[in-house]
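Subject: The model for you to look at

Hi,

Here is the structure I promised to send over. Have a look at it first, and then read on for what turned up in it.

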Amino acid sequence: MTQISHQRLLIIDFGSQVTQLIARRLRELNVYCEIHPYQNVDAAFLTGFAPQAVVLSGGPASVLDDGSPRAPDAVFTLGVPVLGICYGQQVMMTQLGGQVERGNGTAEFGRAYVTPEDASLPLLDGWFSEGREQVWMSHGDHVSELAPGFEVFGTSPNAPFAITADPDRHFYAVQFHPEVHHTPGGKQFYANFVKLAGFTGDWTMGAYREQMIEEIREQVGEKKVICGLSGGVDSSVAAILIHEAIGDQLTCVFVDHGLLRKNEADEVVSMFRDHYNIQLIHADEEDLFLNALEGVSDPEVKRKTIGKLFIDVFQKHADSIDGAEFLAQGTLYPDVIESVSFSGGPSVTIKSHHNVGGLPEKMGLKLVEPLRELFKDEVRALGHELGLPDHFIGRHPFPGPGLAIRCPGEITRDKLAILREADAVYLDQIRKHGLYDEIWQAFVAILPVRTVGVMGDGRTYDYACALRAVTSVDGMTADYYPFSHEFLGETATRIINEVPGINRVTYDITSKPPGTIEWE
Ligand code: XMP
């Protein structure tokens, strides 16, 4: 656990699909919180963590089942406000002397409306101005008898105990999920909760920056750190923060595999080396990668070839840095959250596309991960705080294997050069039309087919390309972006006029699933 000086809230996770959203809501309110699986929380942990409030999450179990999860009893003797949500409510009632019963046809899933019994509870400030509040329910069991000291403050048709509280002890228990989007008053609800728990909103990016700088100095001491820089937002923010903390003890290694977009390598090098004065090894290994990829058209072989070479090159350069003991990574909070497993111990979800994954063990390096407590949008806020330009912070994701997976079939230098130009025109169009920030990711794929066209009086026989643009929240699912026909027509004309080698442009309207965002 990190040593931190600000006020903190503990979320005890019983395995709900939406526990992370509780953390999102709280952090939006500038409240520092951590999610810990219920198995890991005991009285000693609570004393060490010293939360100023506790939230008990929802979860898939039934409190009526033998061996189902419980909160440590010490949660209820800490003297701090406790909020139980859904399964968390049922846990509270069970442990504090109430009753829960099985649904038997009264389960509620999805939208429901809560009406007040007594709206004077401070937790409900700002609620019920229109008589009722839309909330999102997802439960089978329900509370049938309140624990001593609790009263009902709101009900829904299938949840007579939708909002309950023991105001004297500051115990609050609700049947619905205030953290989800479909509970529109959820943000206000959490704001009320943290206000009555005395939070002042001291979790700011400025405070985080200062704290992390101190922690990095303490962790690293006089030793050296290496950082693989991809040009993406996460590794860039991590590198700049670490550089602020330890200056020239940090060396960044930028592996340029020759599969980057137009001007990308130059931009990364000039920003980090010239603007931020960070020691940077620019490993220009285009020949190595492109030679190895010659004749390869199978997507998995491409990925594996690139992944292996990437690690080799990174390791070679890292080995040249005398006395490096630490490897910096831009790991984010969602990558490290332990999810609760009911069959075994907590399991850890790790980013599947980690370019330097496996390196720390192989090289015997310790990790420095200054972003491991942040969500993606918090990393952007931190980048902003560190002075990174907005256009850099808001960049679309770019895959580790780069343009290789946007060039189905065999990769050639010619095709890559054409692809770079077409991609640059397409992104220029998107920016000019003010659409960049509405789109999760946009790129061109050059297709392994040539088609006949006519330009001027001549026949052409050039490549076709596909434009891709998707909306998404996390890259797991995606939909194609609904460009206007006018935009598409204008873009096709520009690409064909400005990029020799392409004479046909198509637009990919496949969603994910069943497609993927990248073409390979
Ligand atoms: P797919 O194509 O699987 O992509 O729908 C989902 C998201 O992941 C990115 N992506 C990668 N990122 N290394 C990465 O760092 C990779 O190997 C990789 N493959 C796909 C892709 O750009 C999209 O944002």
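Which residues have the most contacts inside the largest nonpolar core? They are Tyr426, Ile430, Phe483 and Ile495, in a core of 50 residues. A nonpolar core here is a set of buried Ala, Val, Leu, Ile, Met, Phe, Trp, Tyr and Cys residues joined through side-chain atoms within 4.5 Å. Buried means under 20% relative accessible area, with exposed over 50% and partly exposed in between (1.4 Å probe, protein chains only).

Before the rest, a word on the source. This is a predicted model, in which local features need pLDDT of at least 70 and side-chain atom pairs count only at pLDDT 80 or more, while totals for chains, interfaces and linings use all residues. Residues are numbered from 1 along each chain as its sequence is written, and side-chain values use heavy atoms, with hydrogens and water left out.

**The chain overall**

The protein chain has 15 helices and 22 strands; these are DSSP runs numbered from the N terminus (helices H or I, at least four residues; strands E, at least two). Its C-alpha atoms fill a box of roughly 85 × 55 × 40 Å along the principal axes. Of the 520 residues, 55% are buried. Among contacts (heavy atoms within 4.5 Å) with a separation of 6 or more, 75% are between residues 24 or more positions apart.

Helix 14 gives the most, with 8 residues. Apart from its neighbours within four places in sequence, Ile495 touches Ala422, Val425, Tyr426, Leu467, Ile502 and Val505. There is also a second, separate core of 44 residues, which includes Ala239, Leu280, Val379 and Phe392.

Two strands count as paired if DSSP finds at least two bridges between them. Strand 3 and strand 4 pair in the parallel sense over 3 bridges, and Val54 stands opposite Val82 in strand 4.

**Helix 1**

Helix 1 (19-28) is largely enclosed by the rest of the structure, because 7 of its 10 residues are buried. Three arginines, Arg24, Arg25 and Arg27, are among those buried residues. Their packing partners include strand 1 (8-13), strand 2 (32-37) and helix 4 (186-196). Arg24 also lies over the face of Phe375, at 4.7 Å from the ring centre. Such a charge counts if NZ of Lys or CZ of Arg is within 6 Å of the ring centre and within 35 degrees of the ring normal.

**Aromatic pairs**

The structure holds 18 aromatic pairs. Rings of Phe, Tyr and Trp (its six-membered ring) pair if their centres lie within 6.5 Å; planes under 30 degrees apart are stacked, over 60 edge-to-face, and the rest tilted. Trp127 and Phe128 are edge-to-face, because their centres are 5.7 Å apart and their planes at 85 degrees. Trp127 also forms a tilted pair with Phe189, at 5.5 Å and 45 degrees. This second pair links distant parts of the chain, 62 residues apart, and both Trp127 and Phe189 are buried. Elsewhere, Tyr426, Tyr480, Tyr481, Phe483, Phe487 and Tyr507 form one aromatic cluster.

Happy browsing!
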